[in-house]
Every structure is written in structure tokens, then in C-alpha cells.
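Notebook open, model on screen. I wanted to look up some helix packing and then the ligand site.

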Amino acid sequence: MAERAQSFRRRLLNWYARAARDLPWRRTRDPYRVLVSEVMLQQTQVSRVEQFYPRFLARFPDFATLARARPRAVREAWDGLGYYARARNLHALARAVAHRDDATLPDDPAELVKLPGVGPYTAGAVATFAYEKAVPAVDTNASRVIRRVFFGKRAARARPKDVWDIARALVPKDGKRAWRFNQAVMELGALVCRARSPACPTCPVRPACRTGSRLAPDQRGRRQGDESERAGQ
Ligand code: SF4
């Protein structure tokens with residue numbers, strides 16, 4: 001496990017340095033902006049979020065502005081993204097933050113999960129992507145990658161707790177590296193290790209992967225993916 005983990009981490013980070021998409025929420029460490037992007041990405045494609053994200057931020061640039069807004073205005077700004085419960089939760093969360101003594105978003109996942117609409121993934125994502133904490137953030141994409149790489153044939157049967165435990169062990173201790181690692185696992189799941197058509201033949205981590213390294217030689221040139229996926233988080 002230790003050798004596989006090391007190889008996986010090294011290959012993944014090298015690939016991410018070359019192949020990562022330049023997405024607006026990757027250029028900021030502002031907790032509010034990171035949170036808004038995470039909530040939007042939960043059930044919406046990246047390309048759509050890229051359109052709505054700057055508009056929403058222009059209208060509601062920070063927690064205080066969002067907290068003061070009328071529900072109807074928030075709903076209007078969310079129009080086109082769907083799944084309006086997310087907008088309601090985000091609004092409620094902004095109000096909860098505004099009532100905190102320091103009026104800021106906590107950096108501890110254990111505190112973050114107490115806020116409206118924040119589950120374990122979002123808590124980890126905010127902690128690592130905004131505060132560069134060395135904690136895991138396992139969304140659907142990251143979970144799929146970890147299952148395939150570390151569980152191989154048992155991927156579908158792996159318990160969520162076991163996946164999170166592996167993610168925790170994999171995250172680099174240095175915060176900036178942890179940020180890159182967490183982004184990279186999700187990026188690999190979105191671009192290469194897709195749900196229905198994993199691109200194993202060209203995958204940068206294949207030598208470290210229990211699933212990809214089992215491919216027969218004649219399959220190695222054939223399994224090309226054709227779908228684009230950004231999983232819900
Ligand atoms: S080798 Fe295949 S299964 Fe393994 S991580 Fe890459 S794409 Fe996913």
C-alpha cells in the first residue's frame with residue numbers, strides 16, 4: 001500500500017501540473033468564493049458553473065451581502081442552475097456566518113459540517129481549497145478514483161469509510177501540496193478515470209492502479225473514453 005500510494009501521489013501530482021484546467025475557483029483562496037463554487041458544482045456541469053459563478057459573485061460578493069439579500073433575489077440569481085435547495089442552504093449558511101462572532105467561515109471540517117447544507121465532502125473541500133488544510137475531500141470523482149486504484153476488483157464493494165481512510169492517508173501533510181492533491185484526484189476522475197469510460201490506456205497513474213494495471217495488452221490501446229463528467233459533490 002505504501003509503495004502504491006507513493007507512486008500514485010507522485011504520478012498524479014506530475015500529471016496535474018501539466019494537465020489541470022484553469023478554473024476560476026482555483027485562482028482564489030477566498031472562503032466565500034470557494035464555498036459558492038463548491039455548492040454550485042454539486043449538481044451542475046463545470047461549463048455551466050463557469051457561466052453563472054462570476055454573475056452570482058458580482059451580485060453577492062461576500063457573506064454579508066448574501067446574508068442581507070431577500071430570498072427571492074437569491075433565487076433569481078440562481079435561476080438556470082437548478083436544484084434550488086442549494087441556493088436556500090447557501091443563503092441560510094451566509095446568515096449563520098454573519099451571526100458568528102468573527103463573521104467568518106470556520107476552517108475546521110468538524111465545525112463546517114454543522115452549517116446548513118454542508119456535508120463531509122464540502123467541509124473537507126472548503127478546509128483544503130480555502131484554508132489549505134491537509135485534510136481529504138472525497139467527492140464522487142475522487143471516490144471512484146480511489147476505489148479503482150486501491151481496491152481493484154473490490155472497488156464497488158469498498159465502504160465509504162475505507163475510501164475516506166485511504167484519502168486521509170494519501171493527503172500530503174503540507175497544505176499547498178494537499179490543495180493540489182485534492183484538486184488533482186477530482187480532476188483525474190473528471191477527465192480520465194470517468195464513470196463509464198475510464199481512459200486507462202493513457203492514464204498517468206495506471207502503473208500504480210490495481211484496475212488499470214490489470215488490463216490485457218490488447219486492451220491497452222482500445223479503451224478510449226468519450227464522455228465528459230464532473231460528478232456531483
Ligand atoms: S488506470 Fe484506469 S481505472 Fe486506474 S485510475 Fe486510471 S483511468 Fe482509472
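Before any angles: axes here are lines fitted to C-alpha atoms, for helices over the stretch in contact, with angles running from 0 to 180 degrees between N-to-C directions. Helices are DSSP runs (H or I, at least four residues), numbered from the N terminus.

This is a predicted model, where local features need pLDDT of at least 70 and side-chain atom pairs count only at pLDDT 80 or more, while totals for chains, interfaces and linings use all residues. Residues are numbered from 1 along each chain as its sequence is written, and side-chain values use heavy atoms, leaving out hydrogens and water.

Entry one. I looked up helix 1 (residues 2-19) and helix 11 (residues 175-191): their axes come within 9 Å and cross at roughly 80 degrees. Helix 1 and helix 11 are therefore roughly perpendicular (65 to 115 degrees).

Entry two. Helix 9 (residues 140-151) and helix 10 (residues 160-170) have axes that come within 10 Å and cross at roughly 85 degrees. So I noted helix 9 and helix 10 as roughly perpendicular too. Helix 9 brings Ser143, Ile146, Arg147, Phe150 and Phe151 to this contact, including with Val163 and Ile166 of helix 10.

What surrounds the ligand? I found Arg148, Cys193, Cys200, Cys203, Arg206 and Cys209 among the residues around the ligand (a heavy atom within 4 Å).

Definitions and conventions
Helices (H or I, at least four residues) and strands (E, at least two) are DSSP runs, numbered from the N terminus. Angles under 35 degrees count as roughly parallel, over 145 as roughly antiparallel, 65 to 115 as roughly perpendicular and the rest as oblique. Contact means heavy atoms within 4.5 Å.
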